[in-house]
Every structure is written in structure tokens, then in C-alpha cells.
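Grab a pencil and work through these exercises with the structure open beside you. Try each task before you read its solution.

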Amino acid sequence: MLIFILRRLAVLMLALLVVSFLVFLIPYIGDTDPVRALARARFGRLDLDAAAIEALRIELGMHKPLLVQYLDWLGKAVTGDFGNSYMSREPVIEQVWSALKVSIVLTLAALGFAFAVAVPVGSIAALRQGGSLDTTIKSLSQAFVAVPEYWLAPMSILVFALYLGWLPSAGWRGAESVILPALALSLRPMGYFTQVMRASMTDVLNSPHIVAAHSRGLSVRRTLIAHGLRNALLPVITLFSMWMAGLLGGAVVIEVIFAVPGMGRLVYSAIVNGDLPVLQAGLVAIVTFAVLINTLTDLAYTVLNPVVRFNNAAA
């Protein structure tokens, strides 16, 4: 087990190192000179002479070889120093940390609700295969997957905020502000979780050890809880981790429509405004959390599945 954890940590560090280098190269990929972009943001002028541009290039250390620049940038990034935003002139790490906390709350609320609904509903559908309840659950889960967020979010505001007046329409000012965007964000993963849970539970219920448990006289409920649920949850946990990693920076539509100051909106604004330090720091934060989540998922597999735990211990 210890060897497995050390291997996963080594893979994590290597992945972060590769991603950090690719993120560092972003200013050099486009047609815009990053020094001129910073000069425009700092001085508000486009007509700076070549001497001023070169002086700024030396000040930023961009006259050094690319590898040296990367090592300097990486050394600062490890300590959380990504420089200042081109737009707000404030430290980038403060903006990223503030947005990241918001996105974590929103993502956990959305996926937690989706998971809490999908696990029992998917299990019930598996137990009622072919029946009217199973058909209804499958139809609803497919509909949830198909509903686009750019339509669902405005409709949610129209119904629950403007017509009924139950919830605020936008902003991030308290617990009530989380409910509407979290519900709108939860429907698509809820549909996927339900379908995967139904399929996984169906396979588990048809497996030999479950059939043997039935033959020993165990009730369906006891068999489901004692033998089936833990194994059936494994694919759902994998899907949960994938959605968690994706929504931390991928809930752009929901965050923009509901005016949620999260990572998706921050990265989107950085791209639109050409704010390279914010874009770099935001991408590093998103990828770091994604890799950490995937690593924790692998560890959860070893805890929930004895076969995986045995194979990891043997390796």
C-alpha cells in the first residue's frame, strides 16, 4: 500500500511539472508579445519606444533563456507568487484563492445533491428493471443529461427568482445564493450518476455472490446494503471525481449567468481581457486540484475494493 501511494505521488508530481511548463509557455504561444501586453496594461499606452520595452523586458527577466525563465517562474509559483494581475494590479494568488473557494463550495453542493439523489434512485431502478418506475427513471435521467445549461439557468432564474421570488437571481451573498446555481449545475451529473448507478447495480445484483446470498435466504434489502452497494458505487465514485475536477473550472456558463465569482468566470475573464498572470495561475490551480482528486479517487478504490487493494499490495 505504501509503495502504491508513493508511486501515485510521483506520478502526481510529474504531471504537475509537465502542466506547469505548458502553462508557462502560454504567453509565448500567441502572436502578442507578453512584454508589450504588460506595458499596455501598466502604462495604458501602445506607443512606447523600443528602449522602454527592452527595459521592461529586462526588469521582468524575459531577456534570459527560456529554461531559466521557466525555473524562475516555477520557483515563485511554488510559493504562490504569480505576480500581479494586468487588469486589477492586485496579487494574482488572492484572486485565484478567492475564486477557488467559491468554486469548491458550488461544485460540492451540486455534486453532493446529484450523488445523494442518484445513488438511491439508480439502485431502485436496478431493482425494478423493466417496470414503469425503471422506465420513468431512465427517461428522466436521459432528459437531465440532454438539457443545456445555457437554457436551464435562465429558466431557473425566471421561475424561482422572478416568478416565485424564492431565491436570489444572481450574486454570491450567502447560503441562499448557492441553491439555484447548484441545482442548475447538478442536473447533468445527476443524470449520468443515475444511469451509471443503475447499470452498475444491475451487474452487481446479477453477479454470482449476490445470487448465492439470495440462495442463503438473505433479503433483497440486506443483500443490497451488505454486499451490493459498495461494489456498485465504484464506477459512480470515478465519475464523481471526473465531474469534480471538471466543474472546478468548467462551470463557466452557470457562473457567468448567475454572476458567481468562481474559477470558471475568473479564467473566462482572464482570456477575454488578456490577463496572462491570472490565466496561468487559474489553470495551474485547476489542474492541481484535478490531479489531486484523481489521486484520492485511486486511494478510495483501494479502500472500497478488496481486489484492487490486494493487487496494489502485491505490486
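## Exercise 1: Helix 6 against helix 9

Task: Find the angle at which helix 6 and helix 9 pack, the distance between their axes, and the handedness of the crossing.

Solution, step by step:

- Keep in mind that you're looking at a predicted model.
- Helix 6 covers residues 92–127, and its axis lies 6 Å from that of helix 9, at an angle of about 35°.
- The crossing of helix 6 and helix 9 is right-handed.
- Sort the residues in this contact by class, and you get 26 nonpolar, five polar and one charged.

## Exercise 2: The whole protein

Task: How many helices and strands does the protein have, and what percentage of its residues count as buried?

Solution, step by step:

- Going through the secondary structure gives 15 helices and zero strands.
- The protein has 315 residues, and 40% of them count as buried.
- Now take the contacts between residues at least 6 apart in sequence: 72% of these join residues at least 24 apart.

## Exercise 3: Check the span of helix 8

Task: Work out what the 15 residues of helix 8 should span at 1.5 Å a residue, and compare that with its end C-alpha atoms.

Solution, step by step:

- Helix 8 runs over residues 149–163.
- The expected span is 1.5 Å times one less than the number of residues, so the 15 residues of helix 8 should span 21 Å.
- The end C-alpha atoms of helix 8 are 20 Å apart, which agrees.

## Exercise 4: The buried side of helix 8

Task: Which residues of helix 8 are buried, and which helices do they pack against?

Solution, step by step:

- The buried residues are Glu 149, Leu 152, Ala 153, Ser 156, Ile 157 and Ala 161.
- Here's a handy rule for reading such a list: an α-helix has 3.6 residues a turn, so residues three or four places apart point the same way.
- The partners of these buried residues are helix 9 (175–205) and helix 12.
- Zoom in on helix 9: Leu 180, Ala 184, Leu 185, Leu 187 and Arg 188 there meet Glu 149, Leu 152, Ser 156, Ile 157, Phe 160 and Ala 161 of helix 8.
- By class, the contact between helix 8 and helix 9 has eight nonpolar, one polar and two charged residues.

## Exercise 5: Buried or exposed?

Task: Decide how Leu 248, Leu 276, Gln 280 and Ala 259 count by accessibility, and say where each one sits.

Solution, step by step:

- The cut-off you need is that buried means under 20% relative accessible area.
- Leu 248 lies in helix 11 (residues 220–250) and has a relative accessible area of 1%, so it is buried. Among the residues it touches are Ser 103, Thr 107, Met 263 and Phe 289.
- Leu 276 lies in helix 14 (residues 276–304) and counts as buried at 16% relative accessibility. The C-alpha atoms of Leu 276 and Pro 27 are separated by 6.8 Å, though the two are 249 residues apart along the chain.
- Gln 280 is also in helix 14, and with 8% relative accessible area it is buried. Gln 280 touches Val 23, Phe 24, Pro 27 and Trp 73, leaving out residues up to four places away in sequence.
- Ala 259 sits in the loop between helix 12 (252–257) and helix 13 (263–273), and at 26% relative accessibility it counts as partly exposed.

Notes: Residues numbered from 1 in each chain as written. Predicted model: local features only at pLDDT ≥ 70, side-chain atom pairs only at ≥ 80, totals over all residues. Heavy atoms only, no water. Helix = DSSP H or I, 4+ residues; strand = E, 2+ residues; numbered from the N terminus. Buried < 20%, exposed > 50% of the residue type's maximum accessible area, 1.4 Å probe, protein only. Contact = heavy atoms within 4.5 Å. Axes fitted to C-alpha atoms, helices over the stretch in contact; angles between N-to-C directions. Left-handed = near helix turned anticlockwise from the far one by under 90°. Nonpolar A, V, L, I, M, F, W, Y, C, P; charged D, E, K, R; others polar.
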